[in-house]
Structure formats: structure tokens, C-alpha cells
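This briefing concerns the surroundings of two ligands in a predicted model. Please consult the sequence and structure below while reading the points that follow.

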Amino acid sequence: MVTDSAQVVIVGSGMGGGTLAWGLAQRGIDTLVLERGEVLPREPENWSPRAVFVDRRYKPDETWLDDDGNEFHPGVHYVVGGNTKVYGASLPRLRERDFGRTEYPSGASPAWPFTYAELETYYGQAESLYRVHGTVGEDPSEPWRSQPFPYGPLPHEPYIAEMMRRLEEQGLHPSSTSMGIDVRPGGTCVRCQTCDGFPCRLGAKSDAETCALGPALAGGSVRLLTGARVRSIELDDHGRVARLTGDVNGEPLVVDGAAFVLSAGAVNSAALMLASRTDDHPLGVGNSSGLVGRNYMVHNNTHLAAVHPRRRNDVVFQKTMCVNDFYADMGDGYPGGTLQLIGKVQGSMMKTHATRAPERLLDRMAARSVEWLVMTEDLPSVHNRITVDANGRINVSWRRTNYDRHEALLAQAKRILRKAGYTGIFEQRFGIDMNSHMCGTAVAGTDPATSVLDPWCRSHDVPNLFVVDSAFFPSSGAQNPALTIAAQALRVAAETDWTSAA
Ligand SMILES: Cc1cc2nc3c(=O)[nH]c(=O)nc-3n(C[C@H](O)[C@H](O)[C@H](O)COP(=O)(O)OP(=O)(O)OC[C@H]3O[C@@H](n4cnc5c(N)ncnc54)[C@H](O)[C@@H]3O)c2cc1C
Ligand code: SF4
């Protein structure tokens with residue numbers, strides 16, 4: 001049996017856990033990070049579209065089940081750094097209005113238990129930690145900030161600059177995407193074509209291992225145990241977490257501590273709480289509200305490939321521009337969402353969905369296409385939930401919410417692209433397996449009856465249990481989640497009295 005202990009024990013080393021570890025390291029707090037995966041190797045396959053997208057080299061074999069019992073491969077990566085090892089490194093802030101209640105024709109997005117102003121300092125710290133490149137004054141939806149971006153925006157390649165001009169001619173305000181790749185003077189990023197969805201072979205992507213966990217480990221107060229899968233949370237007679245149990249490389253694992261933080265990702269953190277049920281806690285640990293696993297959100301997302309028959313797209317690093325003109329209002333009084341360029345798609349990457357199309361044809365199409373992500377907010381619903389069955393399998397019940405707004409923004413995006421000369425537009429709507437923006441399964445709030453965590457991500461029920469990952473999101477907004485996860489992790493690290501948590 002392997003035993004260990006620390007003042008603070010963190011489960012998971014992704015955006016939430018890795019960043020929290022960095023924050024605790026700044027305070028010299030004795031911290032142990034338990035990560036079920038291993039360090040992702042730097043190897044030629046990092047940048048192979050076939051290895052990454054077709055052979056799923058860095059994804060687990062694990063499948064989850066939908067409502068009808070069908071298996072699917074979820075968007076998770078069990079490695080040191082979690083999903084950030086392959087993420088697109090687009091690191092925008094949520095907008096100020098996302099922290100308040102937002103009305104939609106089909107429902108409402110609830111307010112957060114803290115304001116944008118309360119998180120703003122930590123957004124700035126997270127941007128420094130994750131080396132975010134961006135600029136102010138271009139984006140009509142941008143929130144106020146107390147300090148500039150740490151680094152200037154990524155330049156647009158000629159094809160994108162020309163596209164930007166075509167959008168501006170339509171009266172739009174395309175702006176620079178806030179990006180976490182290391183193109184600082186002396187930075188190691190070579191701006192390759194295999195970034196979004198791929199690990200970085202050069203360590204130049206601002207992932208949680210590179211920017212947060214690695215520096216935290218170097219400080220000496222933080223330790224990392226890899227291959228360590230936590231399976232259960234055990235409470236003592238006073239209703240506090242006594243220890244975590246699981247296994248490490250085939251051996252039983254028992255870890256004691258004073259405070260325990262779940263940062264296993266929205267679904268796995270909730271699964272851990274649900275699976276740790278006892279006679280005293282029949283709904284699972286920290287679940288007196290019955291809300292653990294519920295309010296599962298993933299954004300409403302669609303990829304668009306827009307083909308211009310006469311323009312070859314020779315871009316290498318495509319993900320530099322977004323359009324947020326419709327974020328706050330689509331012209332009908334209700335919010336829309338964001339349009340973002342994504343990493344340049346190659347023919348072999350399309351093979352995962354266009355399985356019957358010959359790769360040569362897909363390559364020809366990719367040479368003339370530019371790819372966008374259309375992202376709108378989905379709404380929390382208690383019916384959208386994850387559960388864990390008797391065999392420990394994760395089940396996901398999911399129905400789209402607020403989808404009329406997505407249809408509206410999608411139609412608008414297509415109109416804009418056609419006007420810009422793109423005659424062929426192909427869409428791929430995200431299904432249950434494209435859930436990389438998962439959040440909301442242990443929402444934060446002030447009322448223990450309607451939320452799982454307090455505004456600092458501490459369980460309302462169990463005083464030494466925290467959940468610091470995307471599970472705390474009370475609503476999803478319509479911007480990529482990672483910077484907000486990091487900012488909140490820094491806030492929790494700095495504002496929690498970890499001695500009294502013990
Ligand atoms: C292809 C892709 C592209 C993306 N692009 C962007 C983007 O451009 N911008 C953006 O903001 N977001 C993006 N995301 C989403 C972003 O990566 C996630 O929102 C973020 O990583 C979530 O952070 P987290 O801490 O909640 O979980 P994760 O980062 O996934 O970390 C969870 C960690 O917990 C570990 N773990 C799980 N269960 C256990 C257990 N039982 N015991 C021990 N360890 C465990 C996992 O191995 C993992 O390391 C993308 C995601 C993907 C997959
Ligand atoms: S674009 Fe830069 S950060 Fe991204 S994978 Fe390539 S070298 Fe790494």
C-alpha cells in the first residue's frame with residue numbers, strides 16, 4: 001500500500017488543480033497533487049494529425065454512456081496538465097455581464113455569487129501566468145481591465161488580414177484573439193499548424209503543466225504523484241474529509257491531509273463525490289442539495305468550414321481573430337455569442353467525421369477553407385446531469401438548451417461568410433462527445449439549498465472539501481472557460497485561510 005499526506009491534497013493537475021498548486025506554492029503551503037495520468041511525452045506524434053485525431057493517441061480508452069446506453073469517447077485527457085495539454089490556448093475573460101443574470105427567450109442564465117470586479121485582479125494574474133497575448137480597444141464586448149495584456153497581440157497572417165478587411169467592410173469589428181502561446185521575444189513558439197487540439201512538442205503552449213504546475217514543483221512546497229487515481233472520499237465522524245483512497249500504478253493508495261481539493265474536471269470531480277456515498281450520505285459526499293452532477297453545461301458549439309473557390313488559404317497559424325459584435329445583443333435585445341477562428345484544419349483531421357470521404361478530396365477542400373467556431377451559451381438545467389452506475393461507469397443525460405440562440409448566431413455567421421465571398425459552408429455541430437467545455441456539475445452560490453459550493457469553491461456541507469475546476473461555474477457564458485478557471489483557482493488559493501480549513 002502507498003500512503004502519503006500533505007496539508008492540502010489536490011486531485012487533478014489540469015487548469016484548476018495546476019493553477020491552484022501554483023497559488024499555494026506562492027504561500028509556501030505543503031501541497032500534494034494526485035494525478036491519474038502521466039507526463040505527456042514530447043515526441044514526433046505530438047504534431048501528427050493522424051496520431052492525434054484518428055488514432056486518439058493521447059485520449060483514454062474510457063467511454064461514457066448516454067441516456068440510451070450508447071457509449072461515447074468523451075473530450076478528456078488524463079495526463080499531467082489535463083485538457084490544457086491539447087487545448088487551443090484561446091484565453092479570453094468572461095464579460096462583466098456574464099456574472100449577472102441574463103435573460104434569454106427560452107430561460108435565464110443565473111448570476112454568479114461574485115462579480116467580475118471581484119475576479120478582475122485574478123484575471124490579470126492568470127493572464128501573466130499563462131503569458132496571454134492580446135490587445136484592447138478592438139472588441140466591442142471586451143470587459144474593463146485594470147492592467148494591459150502582458151504581451152501584445154499575435155499578428156494576423158496575410159490571408160486573415162484580408163479576411164478581416166472583408167468583415168470590416170460589413171461594419172463588423174473583428175478583433176485579436178487572446179492567446180497563450182509563447183511568442184514573446186526569445187519565446188520558443190514557432191507558430192506551427194498543429195497547435196489547436198495538439199500537444200506542443202516545444203513546450204511553448206501555455207498549458208497548466210508548463211506555466212503553473214512545473215514552476216510550483218520547482219518551489220519545493222508542492223509535490224506531484226502521477227499514476228494516482230483517486231476513487232473515494234472518506235469522511236470522519238465529524239463529517240470532514242479524513243482521507244482519499246484509490247490506487248497508484250496497481251497499488252492501493254491512501255492519502256491523509258487537512259484540506260482536500262477536487263480538480264479532476266467537472267465530470268470526474270462530480271463522479272468522485274457521487275461515488276463516495278455512505279449510509280450517512282446516501283446521495284454522495286457534499287450533496288445535501290442533490291445538485292452534484294446536475295446543471296451540466298458544455299456550450300452550444302458548431303464548427304464551420306467556409307470554402308472560397310478561388311482563394312487558397314495558405315495560413316499557418318490561423319487562430320488569431322474573433323468577432324464579438326453579437327455577444328451582448330444580436331439586434332433583437334438578446335445575447336448571441338462569439339465567432340472565433342480555430343486552428344487550421346487539415347484533411348486528415350476531417351477524416352474523424354467525414355469517414356467515407358477520400359483524404360485527397362478533404363485535403364483539396366482544406367486548402368481553400370477557413371474554419372470558425374460558433375459558440376453560444378447553454379443554460380443550466382437540473383435534468384442535464386451526470387450519474388455514476390453501480391459499476392462506476394459515468395452516464396451523461398444531456399439535452400441541448402437555449403439552442404434557438406445558437407441557430408440564430410449560426411445563421412448570422414453564414415450570412416457574413418457568404419457576403420465575404422465564401423460560397424461553400426460546411427458545418428459540424430458538437431454532439432455529446434464534444435464536451436471539452438464541460439462545467440457546472442457542482443455550482444457555486446451563497447445558498448446551500450441551491451448550490452454545492454460557496455463563492456470560494458468550498459463545499460457547503462464538508463468544511464475541508466473544495467472543488468476547484470470548471471464544476472463551479474453557475475453559468476457557462478459564451479467564452480472559452482480556461483482563463484476563468486485559472487483566475488478563480490488563484491482567488492481560492494489567495495483568499496482561503498488554509499489553516500482554518502484544516
Ligand atoms: C481539444 C481541446 C481544445 C480546447 N481549447 C480551449 C481553448 O482554446 N480555450 C479554453 O479556454 N479552453 C479550451 N478547452 C477546454 C479547457 O481545456 C478546459 O476547460 C480546462 O482544461 C478544464 O480545466 P479543469 O481543471 O476543469 O479540468 P482538466 O484540465 O481536464 O484537468 C482535470 C485533471 O484531473 C485528472 N483526473 C481526473 N480524474 C482523476 C482522478 N479520479 N484521480 C486523479 N486525477 C484525476 C485528469 O487526468 C486531469 O489531469 C479545450 C479542451 C480541449 C479538449
Ligand atoms: S503554435 Fe507554438 S505553442 Fe502551438 S504547438 Fe506550435 S510551437 Fe507549440
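By class, 14 nonpolar, 17 polar and 5 charged residues make up the shell around ligand 1; Ala, Val, Leu, Ile, Met, Phe, Trp, Tyr, Cys and Pro count as nonpolar, Asp, Glu, Lys and Arg as charged, and the others, Gly among them, as polar. This is a predicted model in which local features need pLDDT of at least 70, side-chain atom pairs count only at pLDDT 80 or more, and totals for chains, interfaces and linings use all residues. Residues are numbered from 1 along each chain as its sequence is written, chains are lettered from A and ligands numbered from 1 in the order in which they are written, and side-chain values use heavy atoms, with hydrogens and water left out.

**Shell of ligand 1**
- Ligand 1 is surrounded by 36 residues (a residue is near a molecule if one of its heavy atoms lies within 4 Å of it).
- Gly16, Glu35, Gly88, Ser90 and Ala482 are the closest of these.

**Backbone contacts of ligand 1**
- A backbone N or O atom of Ser90 lies 2.8 Å from a nitrogen atom of ligand 1, and one of Val230 lies 2.9 Å from a nitrogen atom of this ligand.
- For Met15, a backbone N or O atom is 3.2 Å from an oxygen atom of ligand 1.

**Shell of ligand 2**
- Around ligand 2 there are 13 residues, the closest being Cys189, Val190, Cys192, Cys195 and Cys200.
- This shell divides into 10 nonpolar, 1 polar and 2 charged residues.

Technical notes:
A polar contact is a pair of N or O atoms within 3.5 Å; within protein, one must be able to donate a hydrogen and the other to accept it, and residues adjacent in sequence count only if both atoms are side-chain atoms.
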